[in-house]
Amino acid sequence: MLIPTSEPVLKGNEKKYVLECFKSNWISANGPFTKKLEKKFAKFIGTKYAVCCSNGTSAIHLALIALGIGKGDEVIIPDFTIICSASMTILAGAKPVLVDVDKYWCIDPDKIEEKITPRTKAIMVVHMYGNPANMKKIMKIARKHKLFVIEDACAAHGAEVDGQKIGSIGDIGCFSFYASKNITSGEGGMVVTNKKEIADKVNLLKSHGFERPRFIHRIIGFNYRMTDIQSAIALAQLENIRHKISKRREIASYYIRLLKNRSEVEIHQEPPWGKSVFWMFGVIIKDSFGRTRDEIIELLWKKGIGTERFFLPMSEQPIFRNERDPRYPDIKGSFPVSDALGKQGLYIPSGLNLTKKEQKYIADTLMSLIKK
Ligand SMILES: Cc1ncc(COP(=O)(O)O)c(C=O)c1O
């Protein structure tokens with residue numbers, strides 16, 4: 001028996017809609033399901049526009065290029081993040097600049113201003129593991145310094161700050177529909193914005209810059225399209241996103257009850273400024289009586305509990321430590337919070353099929369391994 005970390009749950013209209021694609025024979029991009037999905041997703045997030053793309057990584061790449069970010073520019077990103085915050089910035093031609101995170105695992109607004117230079121063009125916020133970043137403070141800094149704000153909301157569909165959905169607060173928001181996410185299409189992504197010129201640019205960029213008449217190109221673009229079969233699945237998933245969010249929050253509150261008084265661990269906390277969707281339930285091992293975090297993860301897998309380590313911070317990545325390129329981030333700074341998360345963080349199962357009995361087993365097993 002294995003309790004997966006987070007698995008897709010396809011219990012709504014997914015199959016019905018996919019069969020409709022078969023019937024209509026529209027299995028490539030820009031079909032009726034894509035149009036419906038874009039409309040409904042924009043409505044759910046609260047933006048004027050939503051544009052589907054192939055995954056969360058391409059959404060971030062499209063966002064950077066659509067904002068005109070490129071050679072000679074700097075983009076502020078959190079040190080504790082997935083590689084694509086840095087890699088897409090580099091592939092756009094710009095340089096990522098690292099900032100430590102706060103105790104809710106998102107970029108620390110109090111440490112941003114010291115990293116701003118005349119070359120800074122944007123702040124890329126990553127709403128980590130379902131937690132919303134401190135957007136009020138971040139937007140204030142961005143307005144003061146006239147910077148764009150890109151929200152990487154790939155792991156936080158439906159999280160909120162002051163009742164406003166994340167992804168709709170900055171200039172552009174990016175989402176992923178990867179299999180483990182709160183809503184999925186296997187692979188898939190979405191860019192959201194309130195600005196028509198940005199949405200139009202993303203639409204062009206994601207499809208080779210195809211315009212009318214066809215095959216005449218005025219820009220260099222990509223093929224980052226999402227198929228209608230994927231949109232059909234994502235649309236069915238979106239139909240019951242509210243239920244999925246409440247279920248993740250329910251799972252988190254039970255873990256919090258089970259683990260909150262244990263001094264050996266620090267657990268996933270919702271920030272006071274917003275609503276987390278607890279995409280993952282994170283645990284930081286503070287005192288493990290000699291066992292390393294990675295040994296604990298290995299033992300949990302042996303006991304049938306799917307567990308993953310946290311992201312390795314950008315300042316620790318071999319590519320940035322061992323190789324020199326003027327676009328690579330400067331890793332010399334101090335990132336104490338990020339560093340501790342990368343060394344001691346792990347996440348335990350939080351999938352939608354999880355039962356209370358399984359959660360109790362997971363929490364008891366984790367604590368028994370920490371205690372020896
Ligand atoms: C915060 C964050 N950003 C970006 C991505 C990339 O999304 P995708 O796997 O769809 O490219 C992920 C994926 O897990 C993520 O967690």
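Predicted model: local features only at pLDDT ≥ 70, side-chain atom pairs only at ≥ 80, totals over all residues.
**View 1. An open sheet of 4 strands with antiparallel pairing.**
Reading across the sheet, the strands follow the order E10-E12-E14-E13, and the pairing between them is antiparallel. At the edges lie strand E10, which covers residues 265–267, and strand E13, which covers residues 308–309, and each of these edge strands pairs on one side only. Strand E12 (residues 281–285) and strand E14 (residues 345–348) run antiparallel and are joined by 4 bridges.

**View 2. The residues around the ligand.**
The shell is made up of Asn55, Gly56, Thr57, Ile82, Cys84, Val126, Asp152, Cys154, Ala155, Ser176, Tyr178 and Gly189. When these residues around the ligand are sorted by class, 6 are nonpolar, 5 are polar and 1 is charged.

**View 3. The contact of helix H1 with helix H7.**
Two packed helices are described by the angle between their axes and by the distance between those axes. For helix H1 (residues 14–24) and helix H7 (residues 228–239), the axes come within 8 Å and cross at roughly 155 degrees. Because angles over 145 degrees count as roughly antiparallel, H1 is described as roughly antiparallel to H7. Helix H1 contributes Glu14, Tyr17, Val18, Glu20 and Cys21 to the contact, while helix H7 contributes Asp228, Ile229, Ala232, Ile233, Leu235 and Ala236. Taken by class, the residues of this contact of H1 with H7 divide into 8 nonpolar and 3 charged, with no polar residues. The crossing in which H1 passes H7 is right-handed.

**View 4. The contact of helix H9 with helix H12.**
Here the axes of helix H9 (residues 293–302) and helix H12 (residues 356–371) come within 10 Å, and they cross at roughly 135 degrees. Helix H9 passes helix H12 in a right-handed crossing. On the side of H9 the contact is made by Ile296, Leu299 and Leu300, and on the side of H12 it is made by Thr365, Leu366, Leu369 and Ile370. The residues of the contact of H9 with H12 divide into 6 nonpolar and 1 polar, and no charged residue takes part.

Notes:
Residues numbered from 1 in each chain as written. Pairing = 2+ DSSP bridges. Helix = DSSP H or I, 4+ residues; strand = E, 2+ residues; numbered from the N terminus. Near = placed C-beta within 6 Å. Nonpolar A, V, L, I, M, F, W, Y, C, P; charged D, E, K, R; others polar. Axes fitted to C-alpha atoms, helices over the stretch in contact; angles between N-to-C directions. Parallel < 35°, antiparallel > 145°, perpendicular 65-115°, else oblique. Left-handed = near helix turned anticlockwise from the far one by under 90°. Contact = placed C-beta atoms within 7 Å.
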